Amino acid sequence: MSADQSSGDALNDTAELPRVSIVIPAYNEESVIRQCLIAAVYQSVPAHEIIVVDNLSTDRTAAIVAQMQLEYPESPIVLLSQDQDQGLIPTRNFGLNHATGEILGRIDADSVLEPDWVEQVGKAFQDPSVQAATGPVVYYDMPMRRFGLKADDKMRQMMLKLAKHQYHFLFGSNMALRATAWASIRDETCRDEKDEMHEDIDLSLHLADHDLKVQYWPQMVSGMSARRLEDSPRDYRYYVTRFDRTYKAHNVKKMALKAPMVVFFSVYFPAKLLRAIHTVNTAQPVRRGGQ
């Protein structure tokens, strides 16, 4: 096969991939939204659209997105405002409802996508039975990032085995679903007005109720911040126990599904220490001339 033929085949492969929208809910994310958008723009296969949904931010989040629309006029960056309700779920839903791609990606404002993320999402959905997909994350503000990515991948694959493939949970910082799947469940997803649950697990359980297949795709990698480790032990505990409250809301009683809680609790203090050391080391000024 000639080089021209190989190149032509590669172009045909990407041409056949479904259009991927990226939805990014944002509330007071001025410190991270620019890096998030830059990573979303510079993809091996361009996104159909990159939608930032600003949710009553009081900082410069919206202004930064508007500036980036001017800086990258060729990129499909869309800025929407969801100012009716404060909260992640109504903001997420607003973005997913306004997206126009066949596949609806959802990431966080502190996510930094790998350069082939859109391409890998498209490949994950070439199987028509796949209705949603998720992948591992790499913590970009922690040491030993590649080791952390492998550990995250192993943990998610272990969770799939523990659940005996009955449940496979999406991860809010790195997930996508078909527009048709979203249309099937959007009126059923929990509003969670008290903000007690994990919205991505709630979404996954509603997909399971409809027998809509969730695929784990390890090549679909997103970077995210480990800033959750900055929470106090009390706040971190509340975050982790969201698993329990989400399961209870859906009457899910599988003990194996408590495994993530055990993992999150066990890594909190050592990971918090590692992050603190890493932050200090990366903040040290570079010495020149042997000084």
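The legends below describe close-up views of a predicted model. Local features need pLDDT of at least 70, side-chain atom pairs count only at pLDDT 80 or more, and totals for chains, interfaces and linings use all residues. Residues are numbered from 1 along each chain as its sequence is written, and side-chain values use heavy atoms, without hydrogens and water.

**View 1. The largest nonpolar core has 33 residues.** A nonpolar core is a set of buried Ala, Val, Leu, Ile, Met, Phe, Trp, Tyr and Cys residues joined through side-chain atoms within 4.5 Å; buried means under 20% relative accessible area (1.4 Å probe, protein chains only). I22, I24, I50 and W117 touch the most other members. Two or more residues each come from β1 (20–26), α2 (33–41), β2 (49–54), α3 (61–71), α5 (117–124) and β6 (130–134). Helices (H or I, at least four residues) and strands (E, at least two) are DSSP runs, numbered from the N terminus. The largest share, 5 residues, is from α2.

**View 2. Surroundings of I24.** Not counting residues up to four places away in sequence, I24 touches (heavy atoms within 4.5 Å) I33, C36, L37, I50, I51, V52, V53, I107, D108 and A109.

**View 3. The buried side of α2.** I33, C36, L37, A39, A40 and V41 are buried in this helix. The buried residues of α2 pack against β1, β2, α3, β3 (77–81) and β5 (112–113).

**View 4. Position of F147 in helix α6 (residues 145–162).** F147 is exposed (over 50% relative accessible area), with a value of 58%.
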